[in-house]
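Work through the exercises below with the model open. Try each task before reading its solution.

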Protein chains: 2
Amino acid sequence: MSMIETPYLLFLGDAPDQLAAKVAQGIKDWRPENAVGQFRMDGCKADLGLTDMSLEDAKAAGAKTLVIGVANRGGLISKEWKKELVMALEEGFDLASGLHNLLRDEPDLVAVAEACGRSLHDVRVPEVDYPIANGIKRKGKRCLAVGTDCSVGKMYTALAMDAEMRERGLKSTFRATGQTGILITGDGVPLDAVIADFMAGSVEWLTPDNDDDHWDLIEGQGSLFHVSYSGVTMALIHGGQPDALILSHEPTREHMRGLPTYTQPSLAELRDVALTLAKVANPDAQVVGISVNTQHMGEADAKSYLAGLEESLGLPATDPYRFGAGKLVDALAAM
Amino acid sequence: MSMIETPYLLFLGDAPDQLAAKVAQGIKDWRPENAVGQFRMDGCKADLGLTDMSLEDAKAAGAKTLVIGVANRGGLISKEWKKELVMALEEGFDLASGLHNLLRDEPDLVAVAEACGRSLHDVRVPEVDYPIANGIKRKGKRCLAVGTDCSVGKMYTALAMDAEMRERGLKSTFRATGQTGILITGDGVPLDAVIADFMAGSVEWLTPDNDDDHWDLIEGQGSLFHVSYSGVTMALIHGGQPDALILSHEPTREHMRGLPTYTQPSLAELRDVALTLAKVANPDAQVVGISVNTQHMGEADAKSYLAGLEESLGLPATDPYRFGAGKLVDALAAM
């Protein structure tokens, strides 16, 4: 990805509900300084609580890029949006999108962008020729969340830890490896779209040498135990050379996401396999904590579940959304 | 890959030595029925011992595709070859190549191929929209060789086992996952060029439901312990759902290929990690044998090394090139 220029005007289009604006919500939650306002069309049912702005207002407020922060069915760029997107380009905005339907595959947008000298950022598509991984040890520290399954809160964990570390004045950078993360921060690697031979190399590229006391908080992807995406997770572990692993889990799930006949591994199984593999690239790797998505549990149940994990696995455990990421950051700071 | 039409005329061009014709040698060794003859230009220093044929001779002998069986420095299609390749298209041959320099990136070849209605097969480039892996258990049996390192003889092991099984009248298919393997057999998946999200799905696609007593012998790639390519290996293990794993090893290597600071794991470490991961996709997976590349050892040393492995690991061990693949096929047949 070439860097997306910030700050953004967040395009909510004709979002049918709040959930459809999940990407915009993520930007507002995690990088509020990147969001100068929201742009809503007639009938939009989502509201981020940001100032509603016209393209002109947003331009005057310093916005550089209109980010499509909404997904509709099929990930399409709807005809209703086109007029507004064309006007945004003419007004001097770049466009950024994580939709399946690429901006660059829309001839009208391409033509207007060229004529106006604007950029179209499709964050699903790698724009860098990544190297093959060389495995050389890099300076600085790296942390990676690995999950018992996909979509258990790995991105959220890394973002919450990054926010907590900044608040404490520690050096940290969230390193995005997926579409939403890239739109939130403005750059990163769309790892699931990288060609197999270059996956680990793209993660090395994303997390270069840094200060000795700097932490890269790498966004996790997939799971070593999810047969559809485990290769991507493997490349993150070996390309990322993590010093610290966080185990991520969602305890109420009945089977692996999208795989009805597969059950989740235990956290102990995940710990053992992930640590063994991480030590190949970094012999000093440690598992330092557990991040649990407790959204489907009552508060008392969640707390007792976390306490039970701390007891049985001997690691700090928290739900960073519900109870804060403090324990996990304490664990990094103690290393 | 769309299927490459067989049989082939093997193009050796102006190969500077025998080693440069490695791909052609592989085809001749493993699918002699696919090789009607060799085509050599002035100054060619390689010789497969096949009949030297003109394009006309080969056409008359039934050859359908001219396979570039030679690699020169940089993987380029040299100017010296161009005249011959153009004539081959005009003569009615398809072209197939595993070079970095793609046939489809040469405008003159593209133009002539179109005019003559011929196909250009670049086996480095996936031509199929592979699905995302669904993890559903498939019928038939599958065997995968996993290595302590890259380039330890995994392809050779699978080809040798396939040959032995056919000789015994057992049902087997070699499933190619790399350029050389694809050119040898005429189809397969160029796994290192597949997009991350579709790697495991491409392996499922390559090894579909089959007879209960049929074995797919899947060509291995990379190594779980090679940080540059481990994600590709992971996708083979989870997409391939192997029933049987063969451990592959080259005992004289001082460090991991291309990674001077990395040492090879022990065969016991490889066995434990590979089996744990394989059981995610196939709870019945077993490690059934060991394949060792002993080319840098004297015969007595090789035999005593293999005997030592059989003793310490309790698995049949052989060098399939030197001592035959019989023991490994016995192990599959006994399952």
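**Exercise 1.** How many Å separate the centres of domain 1 of chain A and domain 2 of chain A, taken over C-alpha atoms?

*Solution.* This is a predicted model: local features need pLDDT of at least 70, side-chain atom pairs count only at pLDDT 80 or more, and totals for chains, interfaces and linings use all residues. Residues are numbered from 1 along each chain as its sequence is written. Start with the bounds: an automatic or database assignment gives domain 1 (8–122) and domain 2 (141–334) of chain A. Their centres, over C-alpha atoms, are 29 Å apart.

**Exercise 2.** Describe the contact between domain 1 and domain 2 of chain A.

*Solution.* Step one: count residues in contact (heavy atoms within 4.5 Å). Domain 1 of chain A gives twelve, domain 2 of chain A 14. Step two: take the buried area, the accessible area (1.4 Å probe) lost on being put together, summed over both parts. The value is about 970 Å², 68% of it from carbon and sulfur atoms. A:Val23, A:Trp30 and A:Arg31 supply 61% of the area that domain 1 of chain A buries here. Step three: look for salt bridges (a Lys or Arg side-chain nitrogen within 4 Å of an Asp or Glu carboxyl oxygen). There is one between these domains. A:Arg31 forms a salt bridge with A:Asp162, with the closest N and O atoms 3.2 Å apart.

**Exercise 3.** How many salt bridges does the rule find across the interface of chain B and chain A?

*Solution.* First, the contact: 33 residues come from chain B and 33 from chain A. Next, the buried area is about 2,600 Å², with 63% from carbon and sulfur atoms. Finally, the rule finds zero salt bridges between chain B and chain A.

How values were computed
Chains are lettered from A and ligands numbered from 1 in the order in which they are written. Side-chain values use heavy atoms; hydrogens and water are left out. Buried area is the accessible area (1.4 Å probe) that two parts lose on being put together, summed over both.
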